[in-house]
Amino acid sequence: MSDYNSGYNFGSGASADLGSKKQEVMDKVRGELALANAQELINKINEKCYDKCVPKPGARLESGEQACLSKCMDRYMEAWNVVSRAYVGRIQRESAGQQFGGGM
Amino acid sequence: MSAQDPQMQFSEAEQRELAQFLEAENAKARIQQTVHAMTDSCWDKCIFKINNKTDRNDESCLSNCVERFLDSSLFVVKRLEDMRSSAV
């Protein structure tokens, strides 16, 4: 559910037949939330990868620094997915426990 | 029961459906926000070198980080409750 790769639709913006106004609203909301999520991710990647890959800023971005940034982006997105799976898994386990009167 | 402006009004069934939909999307967004915060913190705790792939150690550090964060949150809440109930 929370993998970064879920992507986003911008919605068709096509003619609104009767009944698809609702669909339009839903698509718009999904699109906006997905965009906000993507922007947050980009901001985090910028911050973390700049810190890791450009410790001593020079007169230009060196090729080694660029390669590091590229790898770092991949590592961060993978980390996001690992965290997401761990978190969602834990939520699911906790709520299952409660259903059966868990918690001593 | 037809609205003055059918483009602007949703039927009761549609309103219910939209309310449920928004509720679900909000819950999803809150989860994603938490994932962002935890990834930020756990990245600092777990990732020191940028490698060519995310190895098993990194993965388990990140997983542990999430689980321990949640354990800590539960611990804090429970302790606050204990403090409150004992401070009569």
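This is a predicted model: local features need pLDDT of at least 70, side-chain atom pairs count only at pLDDT 80 or more; totals for chains, interfaces and linings use all residues.

**Stop 1**

How many does the structure hold? Chain A pairs its bonded cysteines 1-4, 2-3 when they are numbered in sequence order. For chain B, counting the bonded cysteines along the chain gives the pattern 1-4, 2-3.

**Stop 2: A:Cys49 and A:Cys72**

Select A:Cys49 and A:Cys72. A disulfide joins them, with an S to S distance of 1.9 Å. Now colour the two helices that hold them. A:Cys49 sits in helix α1 of chain A (residues 20-53) and A:Cys72 in helix α2 of chain A (residues 63-99), so the link ties together parts 23 residues apart in sequence.

Look along the S-S bond next. Why is this disulfide left-handed? The torsion about the S-S bond of A:Cys49 and A:Cys72 is about -80 degrees, so the disulfide has that hand.

Buried means under 20% relative accessible area. A:Cys49 has 2% relative accessibility, so A:Cys49 counts as buried. A:Cys72 is at 0% and is buried too.

**Stop 3: chain B as a whole**

You will find two helices and zero strands. Chain B has 88 residues, of which 26% count as buried.

**Stop 4: B:Cys42 and B:Cys65**

Select B:Cys42 and B:Cys65. Their sulfur atoms are 1.9 Å apart and form a disulfide. B:Cys42 lies in helix α1 of chain B (residues 12-46), while B:Cys65 lies in helix α2 of chain B (residues 56-86), so this pair ties together parts 23 residues apart in sequence.

Check the hand. The torsion about the S-S bond of B:Cys42 and B:Cys65 is about -85 degrees, so the disulfide is left-handed.

Are these two cysteines buried or exposed? B:Cys42 is buried, at a relative accessible area of 1%. B:Cys65 is buried as well, at 13%.

**Stop 5: B:Cys46 and B:Cys61**

Stay in chain B and select B:Cys46 and B:Cys61. They are joined by a disulfide with an S to S distance of 2.0 Å. This link connects distant parts of the chain: B:Cys46 belongs to helix α1 of chain B and B:Cys61 to helix α2 of chain B, 15 residues apart. The bond is left-handed, with -80 degrees about S-S.

B:Cys46 has a relative accessible area of 7% and is buried. B:Cys61 is at 27% relative accessibility, so B:Cys61 counts as partly exposed.

**Stop 6: a nonpolar patch on chain B**

Which residues form the nonpolar patch on the surface? Select B:Phe75, B:Val76, B:Leu80 and B:Met83. Together they have about 410 Å² of accessible area.

With a relative accessible area of 42%, B:Met83 is partly exposed.

Terms used
Residues are numbered from 1 along each chain as its sequence is written. Chains are lettered from A and ligands numbered from 1 in the order in which they are written. Side-chain values use heavy atoms; hydrogens and water are left out. A disulfide is a pair of cysteine sulfur atoms within 2.5 Å. Helices (H or I, at least four residues) and strands (E, at least two) are DSSP runs, numbered from the N terminus. Buried means under 20% relative accessible area, exposed over 50%, partly exposed in between (1.4 Å probe, protein chains only). Patches are made of residues with over 30% relative accessible area and no salt bridge: like charges are joined within 9 Å, nonpolar side chains (Val, Leu, Ile, Met, Phe, Trp, Tyr) within 5 Å. Accessible areas come from the Shrake-Rupley method with a 1.4 Å probe; for residues, only the protein chains shown count as cover. A salt bridge is a side-chain nitrogen of Lys or Arg within 4 Å of a carboxyl oxygen of Asp or Glu.
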